[in-house]
Amino acid sequence: MDLTRYVNTFGNYLRQKYGEPIHKLSVNADFTCPNRDGTKGIGGCSFCNNNSFSPASTKAGSVTAQLHAARTRVEQVRKARRFIAYFQSYSNTYGEIERLKALYDEALAADEIIGLAIGTRPDCVPDPVLALLADYQQQGHEIWLELGLQSSFDTSLERINRGHTFADYEDAVQRAHHFGLNLCTHLIMGIPGETAKDTLTSYQRVLDLGVKAIKIHPLHIVKGTQLAREWKQGLVPDLTMDDYVNTVVEIIKTAPKELLFHRLTGSGAHQYLLAPDWVKHKWDILGAIYAGLVNH
Ligand code: SF4
């Protein structure tokens, strides 16, 4: 299965640009987010349990120590020699600019770290943060700002308690473009009340704003979340693998050739997962997407 025959993957983009495989190393820099600390809310997004999607190993230690440990693990199974530091857990631009700079500088200090991927919310990217990231980019680092949007529908954003609107996202994208930053947008399929057509609409709206990359995954219902409680009450219909695969195939087939796909499915920790069960089988999902593309 060679997905790169059909999909402009981020991994392939990096390989072509740098002449070798580049891997992401996750970092947990002990951030929180405004949807948890009371600024926007305290419960967080209804699907969010950060423990379920942050590698267990990135819970402690300095950025340098975490990167070293993650690199050692990756090198045991892959040939990569250079990496991107992925600030993944919570909202990684939510802090004083001096603190952000110190953390990002620490990550970039290692010779093998060629850049940063910064995961955050659309309402957490003030201009000084964008300017800081643009500055790293101008120094030649590979910089990606990853904005969690999940849906372009305000009713859905409210339904999952995101605490921001689509207009917040549009504003963030326009300002990030002003700073010349690479943008990746995260979308979730299977949000309660949404159809496959709604996911396609969200995807199209994101494309229309000119983002360079998307990351899509099926809704995971994980323990310890509001969504889990709703699911147990029968209020959250399970997304089927067929619906998910067919929608992703449709997205890929209609994507402009320059659009990069950072991810085509999720990979959360299984011990937290309640439903749907099929999301545990990443390679089956990717295989089905591949088959869908071959037979399209
Ligand atoms: S998904 Fe992100 S924005 Fe939402 S509560 Fe979790 S960390 Fe905060």
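This dialogue walks through some features of one predicted protein model.

Reader: What kind of model is this, and how are its residues numbered?

Author: Residues are numbered from 1 along each chain as its sequence is written, and the model is predicted, so local features need pLDDT of at least 70, side-chain atom pairs count only at pLDDT 80 or more, and totals for chains, interfaces and linings use all residues. Side-chain values use heavy atoms, with hydrogens and water left out.

Reader: How many helices and strands does the protein have?

Author: Helices (H or I, at least four residues) and strands (E, at least two) are DSSP runs, numbered from the N terminus. Here there are 10 helices and nine strands.

Reader: Why does the radius of gyration agree with a compact globule?

Author: The radius is taken over C-alpha atoms, and the globule rule is 2.2 Å times the number of residues to the power 0.38. For 296 residues the rule gives a value near 19 Å, and the protein has 18 Å, which agrees. The C-alpha trace spans about 50 × 45 × 40 Å along its principal axes.

Reader: What share of the residues is buried?

Author: Buried means under 20% relative accessible area, exposed over 50%, and partly exposed in between (1.4 Å probe, protein chains only). In the protein, 51% of the 296 residues are buried.

Reader: What can be read from contacts between residues that are apart in sequence?

Author: Contact means heavy atoms within 4.5 Å. Of the contacts between residues at least 6 apart in sequence, 80% join residues at least 24 apart.

Reader: Why does the span of helix α4 agree with what it should be?

Author: The expected span of a helix is 1.5 Å times one less than its number of residues. Helix α4 (residues 127-138) has 12 residues and should span 16 Å; its end C-alpha atoms are 16 Å apart, which agrees.

Reader: Which residues of α4 are buried, and what do they pack against?

Author: V129, L130, L132, L133, A134 and Y136 are buried. The buried residues of α4 pack against helices α3 (97-108) and α6 (166-178), and against strands β3 (113-120) and β4 (142-150). G140 follows α4 and has a positive phi, near 105°.

Reader: Is Y104 buried or exposed, and what does Y104 touch?

Author: Y104 lies in helix α3 and counts as buried, because its relative accessibility is 0%. Leaving aside neighbours within four places in sequence, its contacts include L132, L133 and Y136, three of the residues listed as buried in α4.

Reader: Where is S46, and is S46 buried or exposed?

Author: S46 is in the loop between β1 (22-27) and α2 (63-77). With 3% relative accessibility, S46 counts as buried. Not counting residues up to four places away in sequence, S46 touches R159, I160, N161, T225, Q226 and L227.

Reader: Which residues other than glycine have a positive phi?

Author: Y90 is one of them, with phi near 60°; Y90 sits in the loop between β2 (82-87) and α3 and is partly exposed, at 29% relative accessible area. Q150 is another, with phi near 80°; Q150 is in strand β4 and counts as buried at 7% relative accessibility.

Reader: Where is there a cis peptide bond?

Author: A cis peptide bond joins A275 and P276, with omega about -10°. P276 belongs to the loop between β9 (273-275) and α10 (282-295).
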